Number of protein chains: 2
Amino acid sequence: MSANTFHKLRDEIENGIVTGEFAPGERLDELQLATRFGVSRTPIREALMQLSAIGLIETRPRRGAVVVDPAPDRIYEMFEVMAELEGMAGALAARRHTEEDRLALLSAHEKCEAAEASEDTDRYYYDNELFHSAIYAASHSTFLEEQCMVLHKRLRPYRRLQLRVRNRMKVSLREHGDIVAAIVSGDADAARALLRGHVAVQGDRFGDLIANLGRREIRKPSLST
Amino acid sequence: MSANTFHKLRDEIENGIVTGEFAPGERLDELQLATRFGVSRTPIREALMQLSAIGLIETRPRRGAVVVDPAPDRIYEMFEVMAELEGMAGALAARRHTEEDRLALLSAHEKCEAAEASEDTDRYYYDNELFHSAIYAASHSTFLEEQCMVLHKRLRPYRRLQLRVRNRMKVSLREHGDIVAAIVSGDADAARALLRGHVAVQGDRFGDLIANLGRREIRKPSLST
DNA sequence: CAAGACATTCTTGTATACATAATAGTTGAC
DNA sequence: GTCAACTATTATGTATACAAGAATGTCTTG
């Protein structure tokens with residue numbers, strides 16, 4: 001792909017954000033990042049500019065960049081939109097999927113089943129991404145696929161949080177099964193409805209999410225002076 | 001808002017792109033832009049970085065930035081997603097709109113009617129944006145509103161193209177009327193369906209769009225040497 | 001002892017300089 | 001005459017330097 005410094009830096013920092021290394025609300029010091037990555041401030045700034053445009057960080061003039069820390073209602077809105085887009089992807093996938101798409105989807109589903117069976121949350125988390133990516137790809141709308149991937153990334157930290165809820169993995173897997181059936185059988189409406197329900201944080205799940213937001217790792221290592 | 005140079009430059013260049021001053025496929029020379037705006041290359045680059053992240057321009061390593069020139073099928077995909085998001089906004093608006101929202105929507109609709117009556121395409125084009133913005137706002141989902149605005153901006157050049165089709169303004173206005181009725185009466189499903197149909201470029205409209213793509217202003221002023 | 005003002009320091013924002021890759025033009029050879 | 005290779009120029013990518021604003025800490029005064 002592109003072997004530019006700022007490009008790599010962007011991915012690096014973005015990754016740091018979605019994995020939680022850079023916690024929401026954390027200040028991103030340009031000089032600090034520059035020395036850490038062994039480059040000057042220039043490519044760091046350019047990477048931050050891009051992340052700012054995507055919405056992963058916020059920059060206030062003369063006051064630096066901070067990792068966005070969306071309020072619960074905003075997180076809810078993001079899931080709401082994600083649900084709609086995934087539903088759309090599912091509906092298109094049901095109509096347009098090829099044999100390859102079908103095999104990729106089934107393969108991803110089986111991996112999720114294995115992960116659930118071994119009760120490996122991290123693995124399930126990873127394979128779950130494969131599963132959803134397979135649906136995006138099967139929609140055969142590259143633009144929709146891109147949009148879904150972007151939003152998926154932004155929601156990654158909160159998605160992870162949700163898996164902490166008891167039995168969520170098992171319920172999620174069951175829903176996956178229904179989704180696969182709908183897509184494979186070409187039932188666009190069902191695929192849309194099932195994916196909407198699968199992704200949205202409705203009812204109790206919203207409460208669970210809020211509760212887990214508080215249980216994250218400590219934001220700022222409380223200064224001990 | 002933010003009085004930073006690169007911020008203003010970003011808006012300036014972005015505006016130039018959506019208005020067509022910078023045509024699709026056109027190369028954006030950093031030095032040229034820098035001298036034009038009377039600044040150094042640094043803030044120009046930062047502005048371009050942001051536009052690149054949004055997807056308005058493409059940057060190939062060591063080969064500069066060009067305004068994206070999406071293929072017709074990609075434009076179609078973008079309208080497809082836009083239709084879905086607008087449908088969602090309409091559905092939410094039908095359920096959640098306040099008295100203020102209702103008045104704003106009706107006001108925007110009336111402006112569109114006046115523009116259509118005077119057969120002023122440019123004015124209709126502008127008021128049409130107000131109309132759609134009113135729906136986004138009425139959805140009371142700030143995230144959805146933002147997403148819609150971003151996509152709306154990206155599609156602006158092609159939306160404009162569509163108005164060239166005979167009678168499109170009249171048809172569009174009639175659809176607006178139905179949409180308003182659905183939202184005001186609180187019929188979420190109808191609002192969703194109507195907005196989807198209104199925004200999507202289905203059937204003949206896709207053909208019309210393709211045809212008009214060729215009729216744009218000359219991309220590159222053919223060199224006469 | 002507390003509160004406000006001033007100064008110092010740190011960080012961001014912009015400009016400039018330098019290095020490197022790409023492109024175009026020219027020259028030479030077949 | 002055409003094609004290829006080499007050179008020169010131009011533009012991008014990164015580093016560094018400089019300027020300006022914000023934050024913090026200290027000192028003075030009430």
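Contact here means heavy atoms within 4.5 Å, and the legends that follow describe views of a predicted model.

Figure 1. Leaving aside the neighbours within four places in sequence, A:Leu155 is in contact with A:Met78, A:Phe79 and A:Met82. A:Leu155 has a relative accessibility of 0% and therefore counts as buried, the threshold for that class being under 20% relative accessible area. A second residue, A:Tyr126, stands 29 residues away from A:Leu155 along the chain, and the C-alpha atoms of the two are separated by 14 Å.

**Figure 2. Chain A as a whole, with its helices and strands.** Chain A contains ten helices and three strands, and these elements follow one another along the sequence in the pattern α-β-α-α-β-β-α-α-α-α-α-α-α. The radius of gyration of chain A is 19 Å, close to the 17 Å that the globule rule gives for 225 residues, so chain A is as compact as a globular protein of that length. Along its principal axes, the C-alpha trace of chain A spans about 60 × 40 × 30 Å. Of the 225 residues of the chain, 48% count as buried, while the accessible surface of chain A comes to about 11,200 Å², with 50% of it belonging to carbon and sulfur atoms. Among the contacts in chain A with a separation of 6 or more, 74% are accounted for by residues 24 or more positions apart.

Figure 3. To the contact between them, domain 1 of chain A gives seven residues and domain 2 of chain A gives five residues.

**Figure 4. The loop between strand 2 (57-59) and strand 3 (65-67) of chain A, where A:Arg62 is found.** The backbone of A:Arg62 has a phi near 65°, which is a positive value in a residue other than glycine. With a relative accessibility of 85%, A:Arg62 counts as exposed, a class that requires over 50% relative accessible area.

**Figure 5. The loop between helix 6 (121-138) and helix 7 (142-162) of chain A, with A:His140.** Although A:His140 is not a glycine, its phi is positive, at about 55°. The relative accessible area of A:His140 is 39%, and this residue is accordingly partly exposed.

**Figure 6. A:Glu113 in helix 5 (residues 99-117) of chain A.** A:Glu113 counts as partly exposed, at 36% relative accessibility. Between A:Glu113 and A:Leu163 there are 50 residues of separation along the chain, and their C-alpha atoms are separated by 15 Å.

**Figure 7. A:Gly207 in helix 10 (residues 204-213) of chain A.** At 37% relative accessibility, A:Gly207 is placed in the partly exposed class. A:Pro72 is 135 residues apart from A:Gly207 along the chain, yet the C-alpha atoms of these two residues are separated by 9.9 Å.

**Figure 8. B:Glu30 in helix 2 (residues 30-37) of chain B.** When its neighbours within four places in sequence are left aside, B:Glu30 is in contact with B:Arg41, B:Ile44, B:Arg45 and B:Leu48. B:Leu209, which is 179 residues apart from B:Glu30 in sequence, is 32 Å apart from B:Glu30 in space, taken from C-alpha to C-alpha.

Terms used: Residues numbered from 1 in each chain as written. Chains lettered and ligands numbered in written order. Predicted model: local features only at pLDDT ≥ 70, side-chain atom pairs only at ≥ 80, totals over all residues. Heavy atoms only, no water. Helix = DSSP H or I, 4+ residues; strand = E, 2+ residues; numbered from the N terminus. Rg over C-alpha atoms; globule rule 2.2 N^0.38 Å. Buried < 20%, exposed > 50% of the residue type's maximum accessible area, 1.4 Å probe, protein only. Areas by Shrake-Rupley, 256 points an atom, 1.4 Å probe, with all protein chains shown as cover.
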